[in-house]
Each structure stands twice: as structure tokens, then as C-alpha cells.
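Subject: Structure for you to look at

Hello,

Here is the structure I said I would pass on. Please open it first, then read my notes below with it on the screen.

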Amino acid sequence: MPKKHYLFTPGPTPVPPAVSAAESRPLIHHRTAEFSALFEAASRRLQWLFDTAEPVLVLTGSGTCAMEAALVNLMRRGGQVLVVLGGKFGERWGEIARAYGLEIVPLDVPWGETLSADQLEAALAEHPQATAVCLTQVESSTGVLFDIQALARVAQRRGALAIVDGITGIGAHRFHFDAWKVDAAVCGSQKALGMPPGLAFVALSPRAWEAAERCDLPRYYLDLRAYRKALRDATTPFTPAISLVAALEQALIELQQTGLEPLWRRHQILADATRLGAQALGLELLAKADPCNILTTILAPPNVDVNRLLALLRDDLGVSFVGGQGPLKGRILRIGHLGFFNPFDIVTALAALETGLHRLGYEFTIGAGVRAAHAYLIEHGAEAF
Ligand SMILES: *Cc1c(COP(=O)(O)O)cnc(C)c1O
């Protein structure tokens, strides 16, 4: 029998069958009425997902492509940008800014912790020259959720643009682009949308569009003005990933059938169950105060080699979790549950974790994690199917 594979990673995530089917439809040309109708429908649905009246632009590339697009369209040469660190993706904002010669004000946050509005306020007061703040809604390397509503409000008050990496957050956690006065938000296809990788999305506020007109950083493929202009004609400036646009439309139809509130609620329920299951095994979570709902970050138990555990799960059992990045390499294990997941998947993930831990000699009551999660899901999980 072929090995059955289970993808419990925070991107890419499992793809629903109808989305894969849409992606494999015969190719159409992109300068046609048929493509334009598809593209226009998908763009409208993206506005629903971001909760915005602004256009949401579709780029061909991974999430980082949209991060770079946001920065190069909003900053001026040599400008100062405040970058909130706290994980690998916060650091990525800094790396992109550095690549364009921007002056970076790093705001350090211990990995596994969040940032308060007061801390941001103090940093911006100290650096009034910073014209933008780079934030991450869900820092997937640590499993921490940042309060974008509160942080964007501070940025707004201090006259800095709030640029948000919502790549794993949007579609899994509450997010309101317009109401929260976010200036730029980016998202990627292979996370909560449950699509293959390859598309990135970006929205700008009216304030950010003004900055995009004044911006003088080099940009060509990522000049967002070209994408906005093309979108008015229901198309893209360059050849889009046509098959992925078809998949996008299907993925968004399915998300809309669920609805935003139930979508966010489902992620909450599945995350609560996973955390309970891990703790019932005597495991400790990394993100204690502000855990996100897209993945569960578990500290490696003493005497268990995480890399061996991950390899055993992946190679022998067909189950993919991921380890830590940067300073957390070898110290944590991450179980993704964003996108196309339901309660039975969580039970499976915990059963796999127990199997791996047992094989490596970790002592616990077999079934304790599964039982805790399953009991919770039977009580509270009806909405998560
Ligand atoms: C996945 C991810 C990214 C970007 O990744 P790509 O590999 O470029 O798609 C950026 N930020 C966060 C928070 C992510 O989870």
C-alpha cells in the first residue's frame, strides 16, 4: 500500500479536492473575457476576505513577494522604517528593508512574546522620522498572535504607515483592513486559503496609495500602480498564474460558504483542542500569553531529540510537522492546523505525536493527549466540521 501522507505544516497546507480540480482545468488565455470574469470575481472575494473596499492586488509569487511589494511601494530612498522583530518573519521585514538601503529601527521582541501598544508608542515617539512600521499578525515561527488593531491604531496616531504581514493570519484570525486602518496588508495562497503556493495578495489604504505615488525606490515588476490600473480592466499587467487564479476563485467560494466568523471560530476550536492535547501529554507550549490559532508551538521535552522525532514522523509514519527556525531550531516542534482542517485531523495529529514520542522513549500515559483533545472537540467542536 502506498504511504498515506498527512500535512500538518503552517504552509503549505492541505488543498481541498475542488480547489485542486479547479487548478487542473484546461488552461485559458488571460487576455479573454472568460479570464477577466474569473479574475474580477476572485478579486471581489479577496476584498471580502481582507474586509476592505480597497482593491486587493494579486501577484504571482510567494508571500515574501507581496512583503517586498508593500515596502518598495511605500518607502522613499534612505527612509526610516521601524521593524517589529520577534521571529523569523519579523526579521524578514528587516532583511527586505536592508536590501533596499532603508534605515532600519529594529524593535526587539523576545521570540515567543508579543508587543504591547505602549511599547510601540514609546518606540515611535523615540523615532519620529520613521514613516512606516512593519508588523506581523501571526509570527508563524513562534506561534504568537500580535494585536494588529491596537498596533495599527498607534501607528496611525503617530503618523506612520502600518504595514502588516497577514500571510498566515488573514483567513484564520479576525482581520478588518479598513476598520483597523491598516495601510498595507499582505497574504499568501498556501496558508489559510488552502491553495498551492504561488499567489500573493496585497491591499493598500488611500494613505498608502498616496505614498506609492511619492515613492522613489526602484520598482518594476512590483510597481503596484500597474496592478491597480490593470485590475480596473479586470486583468493583470503581466501573465498571471492562470491556473492558480482558477484555484483561488474556488478556494474563496468555499471560504465564503463557510463565512468569516465561523472560519475564525473553527481555527480557535482546533487550536484550543491541540493545545489541550499537548499539555495533557506533559508538554509545554512556547507561546504562553498570546498563542495564535494557526499552529501549536511545543517545546521539545527533555531527552527527546526533536529532529529525530520529526524525521521519524515524516519518514516512517508519513506525518509532517515542522521544527523551529533560527534560535528555536532543535528546541521546538510546530503542528500546523490552518486552512483545510477539521476536528478529526487534530485527533490524528495528536495520535501521531504520541506515537513518535512513545517510540523515542518519552514517558506519558498513552492516549492522554488524544483523549483530552477529543473530549474537548466532542463538547465544543461541532462548529468546526
Ligand atoms: C509563510 C509566511 C511568510 C512567507 O512566506 P513565503 O515562503 O514567501 O510564502 C511570511 N510571513 C509569515 C508570517 C508566514 O507564515
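Asp-183 and Arg-207 form a salt bridge, with their closest N and O atoms 2.7 Å apart. The term salt bridge here means a side-chain nitrogen of Lys or Arg within 4 Å of a carboxyl oxygen of Asp or Glu. This pair links distant parts of the chain, 24 residues apart: Asp-183 sits in the loop between strand 8 (161-165) and strand 9 (184-188), and Arg-207 sits in helix 7 (residues 206-214). Helices (H or I, at least four residues) and strands (E, at least two) are DSSP runs, numbered from the N terminus. The whole structure has 15 salt bridges.

Before you go further: this is a predicted model, in which local features need pLDDT of at least 70 and side-chain atom pairs count only at pLDDT 80 or more, while totals for chains, interfaces and linings use all residues. Residues are numbered from 1 along each chain as its sequence is written, and side-chain values use heavy atoms, leaving out hydrogens and water.

The protein has two parts, domain 1 (17-257) and domain 2 (259-384), with bounds that come from an automatic or database domain assignment. Taken over C-alpha atoms, the centres of domain 1 and domain 2 are 28 Å apart. Domain 1 gives 27 residues to the contact and domain 2 gives 24, where contact means heavy atoms within 4.5 Å. About 2000 Å² is buried between the domains, and carbon and sulfur atoms give 64% of that area. Buried area is the accessible area (1.4 Å probe) that two parts lose on being put together, summed over both.

How many salt bridges cross the interface of domain 1 and domain 2? The rule finds one. Elsewhere in the list of salt bridges you will find Arg-174 with Glu-261, whose closest N and O atoms are 2.8 Å apart. On the side of domain 1 that touches domain 2, helix 2 (33-50), helix 4 (88-99), strand 7 (144-145) and helix 9 (242-258) each supply at least two residues. Helix 9 has the largest share, three residues.

Helix 2 also holds Phe-35 and Phe-39, which are about one helical turn apart because they are four residues apart in that helix. There are 11 aromatic pairs in the structure. Phe-35 and Phe-39 have ring centres 5.6 Å apart and planes at 15 degrees, so they are stacked. Rings of Phe, Tyr and Trp (its six-membered ring) pair if their centres lie within 6.5 Å; planes under 30 degrees apart count as stacked, over 60 as edge-to-face and the rest as tilted.

Regards
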